[in-house]
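Biologist: Please walk me through this model. I will ask about its parts in turn.

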Amino acid sequence: MDNIFNKWIQGLERTRKVYFGRIATMFGATTITEDTWDELDALLIQADLGVETTLAVIQSLQDRAFNEGMVTTAELEQALKDELVARLDEPPQLKLDVANPMVILIVGVNGSGKTTTIAKLGKLFSRQGKRVLLVAGDTFRAAAVDQLEIWGERLNLPVIAGQQGGDPGAVTYDGIQAAIARGADIVLVDTAGRLHTRYNLMEELKKVHRVAGKAMPGAPHAVWLVLDATTGQNALQQAKAFKEAVHVDGVILAKLDSSAKGGMAFAIKRELGLPILFAGLGEQPDDLQRFNRDAFVEGILGVK
Ligand SMILES: Nc1nc2c(ncn2[C@@H]2O[C@H](COP(=O)(O)OP(=O)(O)O)[C@@H](O)[C@H]2O)c(=O)[nH]1
Ligand SMILES: [Mg+2]
């Protein structure tokens, strides 16, 4: 457990140093004053918590200060921790055996971290004894197929790919067929994150979704949306567009380690209503963690 917490402490260094660490400094004072509330309010908003979440957190803390007679900043700090943890969910249990193979579509805008995340998931699931197959469904970007094939080689995972510029639906169909034929347990389908227009992108995504269902009734069994944590609140707008196109089951928050805007995790629950399943805490295949709300809050606030 210590090891996991350390990963989060390291991974969330930027978010902690740039914003939340200033809260800790502010808590260095001893008693709560009007200034404490103003500063806390400003810092939470800057940390990309979102205005609504910030207001709700402050309101709740002020109620508690009044009702429980909280006067010291040390008490307030503990209360803030509790408030933040309460505003996150533990991820639901992953059911990886709902079908055989279980087909998982990985979606998100260009550069958000999809292909890297697929490599990380592939490694994680194969270590759990699952037979994993990767499908290079991002046929739009020149290097995307190569990138996935290189990961496949490094991790010793089979990759089904078509021609660059080819039909992503066709590759997806072939990939699922191959997975059935080879007895794979999990199929991770990479998808395009950019087309000529946003409209085209969403239409194509719907098509890939439909084609997966033709290759195997019930597929895809899950759609996971990869969001780039460095883009903060902007990522939420993208997420809404994806949610309108296909049913999204959960979010993978990539690049938390290179972001100072980790506070956006709170808005994902509040504004999108989606669970955060995993967090990306680095570029290597092992840098993926199941989301853990206690570790996350300790990571951003710092452990005392
Ligand atoms: N620091 C860090 N970099 C990441 C993470 N996930 C992805 N990246 C990097 O982000 C860039 C874009 O990732 P990629 O998987 O190609 O995104 P895609 O276009 O959505 O497939 C690459 O340079 C990755 O190494 C992460 O969790 N942490
Ligand atoms: Mg990619």
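Modeller: Axes here are lines fitted to C-alpha atoms, for helices over the stretch in contact, and angles run from 0 to 180 degrees between N-to-C directions. The model is predicted.

Biologist: How are helix α2 and helix α12 oriented to each other, roughly parallel or roughly perpendicular?

Modeller: The axes of α2 (residues 13–26) and α12 (residues 293–301) come within 7 Å and cross at roughly 80°. Angles from 65 to 115 degrees count as roughly perpendicular. Therefore α2 is, relative to α12, roughly perpendicular.

Biologist: Which residues of α12 make that contact?

Modeller: From α2 come Thr 15, Arg 16, Phe 20, Ile 23 and Ala 24. By class, the contact of α2 with α12 has five nonpolar, two polar and one charged residue. The α12 side consists of Gly 299, Ile 300 and Leu 301.

Biologist: Which strands stand at the edges of the open sheet?

Modeller: The sheet has eight strands with mixed pairing, in the order β3-β2-β4-β1-β5-β6-β7-β8. An edge strand has a single partner, so one side of it is left without a neighbour in the sheet. The strands in that position are β3 (159–161) and β8 (288–290).

Biologist: What is the bridge partner of Ala 136 in β3?

Modeller: Strand β2 (residues 132–137) and β3 run parallel and are joined by three bridges. For Ala 136, the partner in β3 is Ala 161.

Biologist: At about what angle does helix α8 run to β2?

Modeller: Helix α8 (residues 168–182) lies across β1 (102–107), β2, β3 and β4 (186–191). Angles over 145 degrees count as roughly antiparallel. The angle of α8 to β2 is about 170°.

Biologist: Which helix gives the largest share of the shell around ligand 1?

Modeller: The ligand is surrounded by 18 residues, the closest being Gly 113, Lys 114, Thr 115, Thr 116 and Gly 280. The shell divides into two nonpolar, eleven polar and five charged residues. The largest share, three residues, comes from helix α6 (residues 114–127).

Key:
Residues are numbered from 1 along each chain as its sequence is written. Chains are lettered from A and ligands numbered from 1 in the order in which they are written. This is a predicted model: local features need pLDDT of at least 70, side-chain atom pairs count only at pLDDT 80 or more; totals for chains, interfaces and linings use all residues. A residue is near a molecule or strand if its C-beta atom, placed from the backbone, lies within 6 Å of it. Helices (H or I, at least four residues) and strands (E, at least two) are DSSP runs, numbered from the N terminus. Ala, Val, Leu, Ile, Met, Phe, Trp, Tyr, Cys and Pro count as nonpolar, Asp, Glu, Lys and Arg as charged, and the others, Gly among them, as polar. Angles under 35 degrees count as roughly parallel, over 145 as roughly antiparallel, 65 to 115 as roughly perpendicular and the rest as oblique. Two residues are in contact if their C-beta atoms, placed from the backbone, lie within 7 Å. Two strands pair if DSSP finds at least two bridges between them.
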